[in-house]
Amino acid sequence: MSEQPQHHEQAHPGVGTYLTVAGVLTVITLVEVGAFYVPAFQGWLAPVLLTLSATKFVLVVGFFMHLKTDHHLFRVIFAAPLLIAVAVAVALLFLFGVVAL
Amino acid sequence: MTHAEATHRTSTGLDSRKIGMWTFIGSECLLFGSLISTYLVYHGKSVAGPTTREILNIPLTSISTFVLLMSSLAMVLALAAVTRGDTLWTRVWLATTAALGSVFLGFQVYEFTAFVHEGLTLQVNLFGSTFFVLTGTHGAHVAVGVLWLLSLLVRSFQGKLGPEKALNVELAGLYWHFVDVVWIVIFTVVYLLQ
């Protein structure tokens, strides 16, 4: 193979970044559990918890799985089925009357 | 570049094994998406047996969630160590990740056992069926991940896990982190949003 392979993947984050992300994940988890037990939060529990959960999801996928810095093809391969899964879940929730407009 | 790396390169310049792993993870999104959807669709529709509010142990599951999050940290530290050729810390972090995964599985076995003793089984109601299938499938994935990590640890002790094999650790890490993000969703949807 005479052609030099192309390298689109950037260097992974350093240990300091990993530790920072782990700290943020821990704090978010503590906030989630705290919000669960605080009666004042009950009205806002679903949007608050879903937002916090999505934040943790993005942090792990972006930094620990390196999707933030890796080749964009990996983002497409991951995001396309993820979006389909979310769309199917939302459609089923409406179809079975679990949520309504 | 080693011969093995050259063999696995694709026309995109990316390694075929990594593309394959991301494709597998994409398919797993659909699997867990269907299981979580099924749980949500049947949520609150049980006519007999224990329900979520009566049986779920939030403090216990919060600790097991923290354990799994920290295992993800140990996993990336293992990858960082193998990339810089640090054999000792590669072994330490791989062993730590496997150990934390095993602790998580221990929590799950304890939880399942307690639920069965309280009358919640796979057959007793819709909550039991969907809960055990969803969390059991996730637990099976964690178990596979632990075995994968232990196999990497063995390869390291055999002297066959140097920096040139860092991608092997990265692929295991991708799988492990995916198992972690699935639990992030399950913890919120099943345990906290009752």
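In the loop that joins α2 and α3 of chain A sits H66(A), helices here being DSSP runs of H or I with at least four residues and strands runs of E with at least two, numbered from the N terminus. The model is a predicted one, in which local features need pLDDT of at least 70 and side-chain atom pairs count only at pLDDT 80 or more, whereas totals for chains, interfaces and linings use all residues. Residues are numbered from 1 along each chain as its sequence is written, while chains are lettered from A and ligands numbered from 1 in the order in which they are written.

Most residues other than glycine have a negative phi. With 22 other C-beta atoms within 10 Å, H66(A) is buried; the term applies at 20 or more other C-beta atoms within 10 Å of a residue's own, 12 or fewer make a residue exposed, and values in between make it partly exposed, with C-beta atoms placed from the backbone.

α3(A) itself has 24 residues and spans 34 Å from its first C-alpha to its last, close to the 34 Å expected at 1.5 Å a residue, where the expected span is 1.5 Å times one less than the number of residues. Buried positions in this helix are F74(A), I77(A), F78(A), L82(A) and A85(A). The partner against which the buried residues of α3(A) pack is α2 of chain B. Chain A is divided into domain 1 (9–70) and domain 2 (71–101), with bounds that come from an automatic or database domain assignment. Taken over C-alpha atoms, the centres of these two domains of chain A are 20 Å apart.

Turning to chain B, the model has seven helices and zero strands. Along the principal axes, the C-alpha atoms of chain B fill a box of roughly 60 × 35 × 20 Å. Of the 194 residues in chain B, 41% are buried. Among the contacts in chain B between residues at least 6 apart in sequence, 81% join residues at least 24 apart, a contact being a pair of residues whose C-beta atoms, placed from the backbone, lie within 7 Å.

The two chains meet through 38 residues of chain B, which are in contact with 42 residues of chain A. On the chain B side, the elements that give two or more residues are α2 (16–41), α4 (58–83) and α7 (166–192). The most comes from α2(B), with 13 residues. By type, this side of chain B divides into 24 nonpolar, 12 polar and two charged residues; Ala, Val, Leu, Ile, Met, Phe, Trp, Tyr, Cys and Pro count as nonpolar, Asp, Glu, Lys and Arg as charged, and the others, Gly among them, as polar.

The largest nonpolar core has 67 residues, of which V76(B), L77(B), A78(B) and L79(B) touch the most other members. Such a core is a set of buried Ala, Val, Leu, Ile, Met, Phe, Trp, Tyr and Cys residues joined through C-beta atoms within 7 Å. Elements giving two or more residues to this core are α1 (15–37), α2 (45–64) and α3 (72–95) of chain A, together with α2, α4, α5 (87–117), α6 (126–157) and α7 of chain B. α7(B) supplies the largest share, 17 residues. Both domain 1 (9–70) and domain 2 (71–101) of chain A give residues to the core, so it lies between them. Leaving aside neighbours within four places in sequence, A78(B) is in contact with T90(B), W93(B), L94(B), T97(B) and V169(B).

Because 22 of its 27 residues are buried, α7(B) is largely enclosed by the rest of the structure.

V47(B), in the loop between α2 and α3 (52–55), counts as exposed because it has 6 C-beta neighbours inside 10 Å. N125(B), in the loop between α5 and α6 of chain B, counts as buried, with 20 C-beta neighbours inside 10 Å. Not counting residues up to four places away in sequence, N125(B) touches S46(B), V47(B), A48(B) and G49(B).
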